[in-house]
Amino acid sequence: VYNKGYFISVPKENIQTYHEKQIRKSYQFKPDGKDIILGQLVNPIEKVGIYVPGGKAAYPSTVLMNAIPAKIAGVNEIIMITPPQKDGSIKDSILVAADIARVDRIFKVGGAQGIGALAYGTQTIPQVYKITGPGNVYVAVAKRSVSGLVGIDMIAGPSEILIIADKTANPTYIAADMISQAEHDEMAASILITNSYTLADQVKNALSKQTESLERKEIIKKSLNNYGAIIIADSIKHSIDLANEIAPEHLEIITGNSFDIYKQVKNAGAIFLGEYSPEPVGDYFAGPNHTLPTSSTAKFSSALCVDDFIKKTSLIYYSKAALLENAQHIIRFAENEGLSGHANAIKIRMTGDKESND
């Protein structure tokens, strides 16, 4: 099994190194040297559940991308659920990835019922405090339903890729990258935005040619026909404006000056620069997390990271002198909001009410 899964251990180091840079620490400070202590305590979430899809394909990469940052954050127990194969087994590569990423327990269950088991707990599956990991539409709806009872990472929609390219780009590479997302499922979106009519025609032809030789060609065809697009823009600047509005999960920039223009991108889950940084490098190997915001949510959310597996608790200490110095400011604020009980909690300390202290 380990010989078959050796390829998993190589990107594990890249993912580990990248996410270790995201570690946050607790802190305390005394503002203006006064007898006041403020701070923030950073603690890991104690129990996390990760969902690993196992229907149309197996995803050991999902195991790594969810479990590694969780362990770096200090999560004590990672419960993994994954739907088994038809013979009731779990694919070897998923098991190897789970062992390498130090998953604590694995249960063979999937779908909405699996999400429910993690959220509420069963006689067999323990209740967790947060659920991460992608799944089909039923899994996504289930995660939305239990959000609030437990934490969730995001509501992941179908996979997306948007490519900005100019006349210098290789149409064969672009077609291959669009197909790499289209093969995920029939609802995946693959979009090219270019200011070159010639490139657009070349990519269209390359898509048809490459698709025919691939195993998942029927899925690819449905995805490209229903959700694929080639858009002609007036300029690369116009292409970037469109990309910022779409806010894609994956954004490739394959232009003669990709390093000059990528800073104009405001909304994207991950950005890939140049023709030798295709999206699968990010999926499997480079190190940044491949669990990314979809459906334009990159306008306000980010890739899965160590922060998703920690809690931040505020810490406040005031000495008697510090409280009395600021008491009137606090009382005025409370009374302005009509909360006399809040104001009283300050006033009673100013009078030194013994009965209250008792």
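Residue numbers start from 1 along each chain as its sequence is written, and side-chain values use heavy atoms, leaving out hydrogens and water. Because the model is predicted, local features need a pLDDT of at least 70 and side-chain atom pairs count only at pLDDT 80 or more, while totals for chains, interfaces and linings use all residues.

View 1. Helices (H or I, at least four residues) and strands (E, at least two) are DSSP runs, numbered from the N terminus. The C-alpha trace spans about 85 × 55 × 35 Å along its principal axes. Of the 358 residues, 44% count as buried, where buried means under 20% relative accessible area, exposed means over 50%, and partly exposed lies in between (1.4 Å probe, protein chains only).

**View 2. Helix H9 and what covers its buried residues.** Within H9, which runs over residues 236-246, the buried residues are Ile236, Ser239, Ile240, Ala243 and Asn244. Seen down the axis of H9, these residues fall within an arc of 135° (taken from the directions from the helix axis to the C-beta atoms), so they line one face of the helix. An α-helix has 3.6 residues a turn, so residues three or four places apart point the same way. The cover over the buried residues of H9 includes strands E8 (160-165), E9 (189-194) and E11 (250-254), together with helix H10 (258-261). Just after H9, Ala247 takes a positive phi of about 55°.

**View 3. Ala169, a buried residue in a loop.** The loop that holds Ala169 lies between E8 and helix H6 (171-182). Ala169 counts as buried because its relative accessible area is 7%. Leaving aside residues up to four places away in sequence, Ala169 touches Ile174, Leu199 and Ile254, where a contact means heavy atoms within 4.5 Å. Although Ala169 and Leu199 are 30 residues apart in sequence, their C-alpha atoms are 7.7 Å apart in space.

**View 4. A nonpolar surface patch that includes Phe285.** Val10, Val281, Tyr284 and Phe285 make this patch, which has an area of about 340 Å². Patch residues have over 30% relative accessible area and no salt bridge, and nonpolar side chains (Val, Leu, Ile, Met, Phe, Trp, Tyr) are joined within 5 Å, like charges within 9 Å; a salt bridge is a side-chain nitrogen of Lys or Arg within 4 Å of a carboxyl oxygen of Asp or Glu. Phe285 sits in the loop between helix H11 (279-284) and strand E13 (310-318), and Phe285 counts as partly exposed because its relative accessibility is 41%.

Notes
Areas by Shrake-Rupley, 256 points an atom, 1.4 Å probe, with all protein chains shown as cover.
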